[in-house]
Amino acid sequence: MTAPIRIGILGCGKMARAMAARWLAEGACTRDDLRACTASAAGAQIVRDHLGIECGTSAADALEGADLVLLGIKPQQLADALPGLATLARPGQTWLSLLAGTPTHVLEDGLPQGISVVRCMPNTPARVGQGVLALCPGAHASAAAIDTARRLLQPLGRVVDVAEPQMDTFTAVAGCGPAYVLLFLEALAQAARDVGFAADDAQAVALQVVLGTAELARRDGRNPEVLRAEVTSKGGVTQAAIAVLEGQGWPGTLVQAVKAGVARSAELSQGK
Ligand SMILES: NC(=O)c1ccc[n+]([C@@H]2O[C@H](COP(=O)([O-])OP(=O)(O)OC[C@H]3O[C@@H](n4cnc5c(N)ncnc54)[C@H](OP(=O)(O)O)[C@@H]3O)[C@@H](O)[C@H]2O)c1
């Protein structure tokens, strides 16, 4: 960020904490620039312990003097919370929403005029600066607000401009993506244990396989299919293993999973 801005975090759970932790680690803002609130006193204590910032259960305190409001509650919590939050909004503020399946117009309709709404779909690797984050401005967002949001998201990973109709697909691929990769990691570690690895070795080896392969694909730049063909000799060990995955319907299963995520995100946008 070029100029310090005051950020009020409304709902500081796993995702907002991950983002704030990275901002603090990168010096993108100071603890004094951040103020947060949660629904419960226990949640506020977690925020104070993890981030060392001011946090209570009062939205009014969190938003006092805020230039930018980071909205980090769950989509299902918005309908109840929005009327009260709207009374705290101030013209000129930017509201950066993390809410899955919640179109920008829902916030624009519920907040007073003069607020810039920008939607973001982050993912948890943002905590270590390796996220991929969709940036989707609302219809009435000012150029300055979009610029501020973009500069705020950049220390968290790769920022991708996404039009609102594509936000459900981005959510199911990138927002949920870390869960797919972690499930694969769990499964590979479990498989390693099942064939005789010690538990610690299984976890460490599986993790390095995922890390090393991702880094190889990034540096090499060729299509993953080409890289996979290079390690899948005819009649070899990899081919025997991959044949089982393909025989069990994998990776088609992953396609089905992503489609289910897209459908759920679309349902959320209809308030279901
Ligand atoms: N987790 C992810 O990987 C991910 C990825 C992309 C987008 N998102 C989006 O990020 C948002 C947050 O997800 P999360 O996983 O971080 O959820 P979470 O851990 O459950 O956090 C929700 C936070 O909102 C607080 N809260 C609830 N109602 C509130 C209210 N009325 N006023 C103030 N605070 C309130 C909760 O307080 P208490 O702790 O006291 O209950 C908690 O701090 C969601 O909209 C989700 O769609 C999450």
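Predicted model: local features only at pLDDT ≥ 70, side-chain atom pairs only at ≥ 80, totals over all residues.
1. How many residues of domain 1 are in contact with residues of domain 2? Seven, and they meet five residues of domain 2. On the domain 1 side, the touching residues comprise three nonpolar and four polar ones.

2. Domain 1 covers 7-162 of the protein chain, and domain 2 covers 177-268. Their centres, taken over C-alpha atoms, are separated by 33 Å.

3. Next, the ligand. The shell around the ligand has 27 residues. Gly 11, Gly 13, Ser 40, Gly 43 and Ala 100 come nearest. By class, the shell splits into 15 nonpolar, ten polar and two charged residues. Helix 1, residues 14-26, gives the most to this shell, with three residues.

4. Helix 9 runs over residues 199-220 and has 22 residues. From first C-alpha to last, helix 9 reaches 31 Å. That is close to the 32 Å expected at 1.5 Å a residue. Just after helix 9 comes Gly 221, with a positive phi of about 85°.

5. Is Ala 199 buried or exposed? Ala 199 counts as exposed, because it has 11 C-beta neighbours inside 10 Å and the cut-off for exposed is 12 or fewer. Ala 189 lies ten residues away from Ala 199 in sequence. In space, the C-alpha to C-alpha distance between Ala 199 and Ala 189 is 8.0 Å.

Methods. Residues numbered from 1 in each chain as written. Helix = DSSP H or I, 4+ residues; strand = E, 2+ residues; numbered from the N terminus. Expected span 1.5 Å × (residues − 1). Domains from an automatic or database assignment. Contact = placed C-beta atoms within 7 Å. Nonpolar A, V, L, I, M, F, W, Y, C, P; charged D, E, K, R; others polar. Near = placed C-beta within 6 Å. Buried ≥ 20, exposed ≤ 12 C-beta atoms within 10 Å, placed from the backbone.
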